[in-house]
Amino acid sequence: MARTISYREAINEALAQEMERDPRVIVMGEDNAGGAGSPGEDDAWGGVLGVTKGLYHRFPGRVLDTPISESAFIGAAIGAATRGMRPVAELMFIDFMGVCFDQIFNQAAKFRYMFGGRAITPVTVRTMYGAGLRAAAQHSQSLYPIFTHIPGLKVVLPSSPYEAKGLMIQSIRDDDPVIFCEHKMLYDTVGEVPEESYAIPFGEAGIVREGGDVTVVAFGRMVGMAEQAAGQLAGDGIECEVIDPRTTSPLDTETILESVESTGRLVVVDEATPRCNMATDVCALVAQEAFGALRAPVQMVTAPHAPVPFSDALEDLYIPDPQRIANAVKSVAGWKR
Amino acid sequence: MSEIDEITLLDAYRMMRTIRAFEERVHEEFATGEIPGFVHLYAGEEASATGVCMHLDARDTIASTHRGHGHCIAKGVDVKAMMAEIYGRGTGSCRGKGGSMHIADLTKGMLGANGIVGGGPPLICGTALAAKHEGAGGVGVAFFGDGASNQGTTLESLNLASVWNLPAVFVAENNGYAEATSSSWSVACDNIADRAAAFGMPGVIVDGFDFFAVHEAAGEAISRARRGGGPTLIEVKLTRYFGHFEGDQQTYRAGEVAHARENLDCLLRFRTRVTERDLLTDKQLDAVDVEVDALIDAAVAEAKRAPRPAPGDLATDVYVTY
Ligand SMILES: Cc1ncc(C[n+]2csc(CCOP(=O)(O)OP(=O)(O)O)c2C)c(N)n1
Ligand SMILES: [Mg+2]
């Protein structure tokens, strides 16, 4: 049987293999090692949820802890990238983008264009997103649509350990700035991951389940939710085609459109809040490019237009779940004019 | 210290003791798995919130941090509502929507714990501006950590407060660590207070285990701010007794906590000083302990019994009108 490791380990392994392969790769972030200047253990944390654990000792001098100064160190990673390094900087929670966004969207994202194509900025910003950990309104958001909105950024949403490794390797090798979004509820999911190094190209969706009745496009953690829903629905005789775009920018429009051409029905599942998110983006794409194929109105399953609540009672309602996805699929499958 | 009267001393003790009992209890309850999310405890740092907030009144606003329970209690937020909030109950200070990291009560001038490191200082420039505008002598106080002292938002706020001559006080609680990172490493100068000079304001260093030292330094800074004399940066040096958050294994630390608990503890030192000088008796202090423990017991019991928010609350309170 193939080897299985966790999403967390898959990211760690990708970082280690790329650091091994390319001396220009460095890692930085708050407590990415941990213990700087303290009397106790070095590499005490390895990141707040342990993703970078062990790299500090394996790659001396190449795992940099930082003060809590996101503008400065995310900006520094970007600056270093323009001089040929391949920094992987951690913005601990995606919610903290507010503190350093200028460096990302006015600087990194625009260099290539503003400088007439005469710059590359191969920086990777690793960041944790998503609800479910009872971490409340400022530590739980799914803000990837905001990054997706910005021309010049590539945005990656791995949904499994396999994808996490291959997409991280591609992120580091990619010559453009990449926002690599890790779902905090996926770190402990385990899956088959090859030991050797491999890169998963950007803009190529995975078809995680084939089916002819309804196309379900799902992002990040929602891929697993959609698969669960599809499993239930198969019992009711509804076959879903579940598509995992893997990257929101670039977006594999072709795979989505091809699927909708054959099913005529679309449900998009996005953990982000509903305005100007990935669900609206995919639905707009399909409305424009595949209107003739549609046999039912599109359906979007998203969070409500509200911040993420703290209480478990509310947070559980906030996050799209297999039941809501199944209901949406049933409504499009059974739709009659 | 002789100028602090008996009632004020008892109040100060009650406040510190309430914070301590609250935090130790949350620590215990967290271990049972009933409290969700990230919880950052303030135990060990009580003299700071108390020494500062004893000077504040209804005109004044404070902004806190992720480690906010102590500041909330010191600014008068209802302890039972706080506990219910930490349990995610509908009876909580924020009706279960905020949790430990966002406890707030604007009616008490408590602008919230904050999930964003460095989120508070800019806001306090704004509350100080509003207080100045109002002209009733109100001040704004930003509490923040050593880690937050390296955040651009904090440094910008120090400058702005000076440039605008705001009635603001910046209280840097240097507990030695930001998560697992030592402040001796992350803060490039020797003391956070040294930075005050660069922003044209007084910088003061205080022993954060000593209520009286904090109380005195804060009193001076706050009264100067009230008189229109501008902002101050106070660095309070202390230690947190628990991990960065509940669940932190703290392998980066050595024996500092045991040392602090035994030799420096603000409650013990307070008791020793006031009893040695016959300002209060052990009996008086013990009575406060009993009263506080009963309050915390009741807060936990009520929180556990309280209803969770109703499903219909999910998308309410996003706007005033929409
Ligand atoms: C902008 C931002 N960056 C990082 C974090 C993650 N974080 C939360 S608390 C913390 C350490 C804060 O240290 P300090 O300011 O010293 O406060 P303490 O925890 O010691 O009270 C960090 C890095 C955050 N919440 N917000
Ligand atoms: Mg600290």
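This is a predicted model: local features need pLDDT of at least 70, side-chain atom pairs count only at pLDDT 80 or more; totals for chains, interfaces and linings use all residues.
## Notes on the two-chain model

1. An α-helix has 3.6 residues a turn, so residues three or four places apart point the same way. Arg14(B) is partly exposed at 27% relative accessibility, and Asp11(B) is also partly exposed, at 34%.

2. Next comes a pair that reaches across chain B. The side chains of Arg226(B) and Asp60(B) form a salt bridge, with an N to O distance of 2.7 Å. This one links distant parts of the chain: Arg226(B) is in helix H8 (residues 211–226), while Asp60(B) is in the loop between H2 and strand E1 (61–63), 166 residues apart. Are the two partners buried or partly exposed? Arg226(B) is partly exposed, with a relative accessible area of 22%, whereas Asp60(B) is buried at 0%. The cut-off for buried is under 20% relative accessible area, so Arg226(B), at 22%, counts as partly exposed.

3. Salt bridges with shared partners connect Arg17(B), Arg271(B), Asp282(B), Asp286(B), Asp289(B) and Asp293(B) into one network. Over all chains, the whole structure has 43 salt bridges.

4. Asp316(A) forms a salt bridge with Arg134(A), and their closest N and O atoms are 3.0 Å apart. The two come from distant parts of the chain, 182 residues apart: Asp316(A) is in helix H10 (residues 312–318), and Arg134(A) is in the loop between strand E5 (124–129) and helix H5 (144–148) of chain A. Asp316(A) is partly exposed at 45% relative accessibility; Arg134(A) counts as buried at 18%.

5. Now for the interface. How many residues of chain B are in contact with chain A? There are 48 of them, and they meet 45 residues of chain A. The area buried between the two chains is about 3400 Å², with carbon and sulfur atoms giving 65% of that area.

6. On the polar side of that interface, the count is 20 residue pairs in polar contact, both residues being at pLDDT 80 or more. The rule finds 1 salt bridge across the interface: Arg308(B) with Asp312(A), where the closest N and O atoms are 3.0 Å apart. Four elements of chain B each supply at least two residues of the side that touches chain A, namely helix H4 (79–86), strand E4 (177–178), strand E5 (181–182) and helix H7 (183–186). H7(B) gives the most to this side, with 3 residues.

7. Helix H2 (residues 46–53) of chain B is mostly covered, with 8 of its 8 residues buried. Its buried residues include Glu46(B) as well as Ala47(B), Gly51(B), Val52(B) and Cys53(B).

8. For contrast, here is a surface feature of chain B. Leu129(B), Leu160(B), Val163(B) and Trp164(B) make up a nonpolar surface patch, and together they have about 350 Å² of accessible area. Val163(B) belongs to helix H6 (residues 152–163) and is exposed, with a relative accessible area of 58%.

9. Thr52(A) is in the loop between strand E2 (25–29) and helix H2 (55–58) of chain A, and it is buried, with a relative accessible area of 0%. Beyond its neighbours within four places in sequence, Thr52(A) is in contact with Asn12(A), Leu15(A), Val27(A), Asn32(A), Gly46(A), Gly47(A) and Arg126(A). Thr52(A) and Gly29(A), 23 residues apart in sequence, are 9.7 Å apart from C-alpha to C-alpha.

10. The other threonine, Thr302(A), is in strand E14 (residues 299–302) of chain A. Thr302(A) counts as buried, at 9% relative accessibility. Leaving out residues up to four places away in sequence, the residues that Thr302(A) touches include Asp270(A), Ala272(A), Pro274(A), Asn277(A), Tyr318(A) and Arg324(A).

Methods
Residues are numbered from 1 along each chain as its sequence is written. Chains are lettered from A and ligands numbered from 1 in the order in which they are written. Side-chain values use heavy atoms; hydrogens and water are left out. Patches are made of residues with over 30% relative accessible area and no salt bridge: like charges are joined within 9 Å, nonpolar side chains (Val, Leu, Ile, Met, Phe, Trp, Tyr) within 5 Å. Accessible areas come from the Shrake-Rupley method with a 1.4 Å probe; for residues, only the protein chains shown count as cover. A salt bridge is a side-chain nitrogen of Lys or Arg within 4 Å of a carboxyl oxygen of Asp or Glu. Buried means under 20% relative accessible area, exposed over 50%, partly exposed in between (1.4 Å probe, protein chains only). Contact means heavy atoms within 4.5 Å. Buried area is the accessible area (1.4 Å probe) that two parts lose on being put together, summed over both. A polar contact is a pair of N or O atoms within 3.5 Å; within protein, one must be able to donate a hydrogen and the other to accept it, and residues adjacent in sequence count only if both atoms are side-chain atoms.
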